[in-house]
Amino acid sequence: MLNNIQNGRYKSERKEMIDLIRHRGITDENVIQAMEKVPRHLFVSDLFVHRAYEDSALPIGVSQTISQPYTVALMTQELQVRKGSKILEVGTGSGYQAAILAEMGARVFTIERHMELLTESRKILDKLGYAVVSKCGDGTIGWNEFAPYDGIIVTAAAPETPKPLLDQLAEGGKLVIPIGTLDIQDLYVYTRKKDKFEIKQIYGFKFVPLIGKKGWRG
Ligand code: SAM
């Protein structure tokens, strides 16, 4: 289905992006294949389309960004997505991360607090044929209706880990979330082991703030 788009003018730029994320240490071939297929240029505004395959975050409106490709790849690799995994994303933004997860065969649920971003992301996800379940709301409290999740990915930075997200993880499930100040954060990867959590920390990221009941104040 994506072939016509993929064979277009952005093919060589997309290949350069993939070479770069491999070079930066991404090894999960399922992540790499998904990023080879999903047309990132369709998730950015016309103003920035010429920069769609740069390894940088880009504006998507309402002071928000589509995340940097390397960050998307790393967070997705840390989630350890399998075909059929049930994944919750907090922070739909452009819909690109949701498309990568859906391309990998995950069942994707995603929450965005800005209705206009949600509406735009739905249009493009539908156009590409990705069956993603989405809603407008405060993702800091998770989405209890569909819990537990095999993975939860938070694409905005929180001051501390929202407890509802940990509560909604399945046994063995992973929560990937940036935690820190408004200026700099570390990526935390929680793995549920019964009532305990293993925690891995990856240093030095910069995300837009996670705003909500269990996040920063808006
Ligand atoms: N995953 C996105 C993508 O692929 O384009 C990147 C999104 S951007 C870095 C983070 C998003 O989180 C923004 O769209 C922002 O509006 C959203 N956000 C912030 N706080 C939120 C909350 N409490 N619930 C849901 N979305 C939130």
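This is a predicted model: local features need pLDDT of at least 70, side-chain atom pairs count only at pLDDT 80 or more; totals for chains, interfaces and linings use all residues.
The protein has a mean pLDDT of 95, and 97% of its residues reach 70 or more.

Start with helix 2 and helix 3. Helix 2 spans residues 11–23. Helix 3 covers residues 29–37. The two pack at an angle of about 160°, and their axes lie 9 Å apart. Angles over 145 degrees count as roughly antiparallel, so helix 2 is roughly antiparallel to helix 3. The crossing of helix 2 past helix 3 is right-handed. Which residues make the contact? Helix 2 supplies Arg14, Met17, Ile18, Ile21 and Arg22. Helix 3 supplies Glu29, Ile32, Met35, Glu36 and Lys37. By class, this contact of helix 2 with helix 3 holds five nonpolar residues, five charged ones and no polar ones.

Now follow helix 3 to its pairing with helix 5. Helix 5 runs over residues 96–103. Here the packing angle is about 120°, with the axes of helix 3 and helix 5 9 Å apart. Helix 3 and helix 5 are therefore oblique to each other. Helix 3 passes helix 5 in a right-handed crossing. On the helix 3 side, the contact is made by Ala34, Met35 and Lys37. On the helix 5 side, Tyr96, Ile100 and Glu103 take part. The contact of helix 3 with helix 5 has four nonpolar and two charged residues, with no polar ones.

Helix 5 has another partner, helix 4. Helix 4 is formed by residues 69–79. The axes of helix 4 and helix 5 come within 11 Å and cross at roughly 40°. That angle makes helix 4 oblique to helix 5. The crossing of helix 4 and helix 5 is right-handed. Val72, Thr76 and Leu79 of helix 4 meet Tyr96, Gln97, Ile100 and Leu101 of helix 5. By class, the contact of helix 4 with helix 5 has five nonpolar and two polar residues, and no charged ones.

Next, look at the loop between strand 3 and helix 5, which holds Gly93. Is Gly93 buried or exposed? Gly93 has a relative accessible area of 9%. Buried means under 20%, so Gly93 is buried. Gly93 touches Ile60, Glu112, Leu117 and Ser121, leaving aside residues up to four places away in sequence. Met115 stands 22 residues from Gly93 along the chain, and the C-alpha atoms of the two are separated by 9.9 Å.

End the walk at strand 8, residues 185–193, where Gln185 lies. Gln185 has a relative accessible area of 1%, so Gln185 is buried. What does Gln185 touch? Residues up to four places away in sequence are not counted. Among the contacts of Gln185 are Ala157, Pro178, Ile179 and Gly180. Gln185 also touches Tyr203, Gly204, Phe205, Lys206 and Phe207.

Methods: Residues are numbered from 1 along each chain as its sequence is written. Side-chain values use heavy atoms; hydrogens and water are left out. pLDDT is the predictor's confidence in each residue, from 0 to 100. Axes are lines fitted to C-alpha atoms, for helices over the stretch in contact, and angles run from 0 to 180 degrees between N-to-C directions. Helices (H or I, at least four residues) and strands (E, at least two) are DSSP runs, numbered from the N terminus. Angles under 35 degrees count as roughly parallel, over 145 as roughly antiparallel, 65 to 115 as roughly perpendicular and the rest as oblique. A crossing is left-handed if the near helix is turned anticlockwise from the far one by less than a right angle, and right-handed if clockwise. Contact means heavy atoms within 4.5 Å. Ala, Val, Leu, Ile, Met, Phe, Trp, Tyr, Cys and Pro count as nonpolar, Asp, Glu, Lys and Arg as charged, and the others, Gly among them, as polar. Buried means under 20% relative accessible area, exposed over 50%, partly exposed in between (1.4 Å probe, protein chains only).
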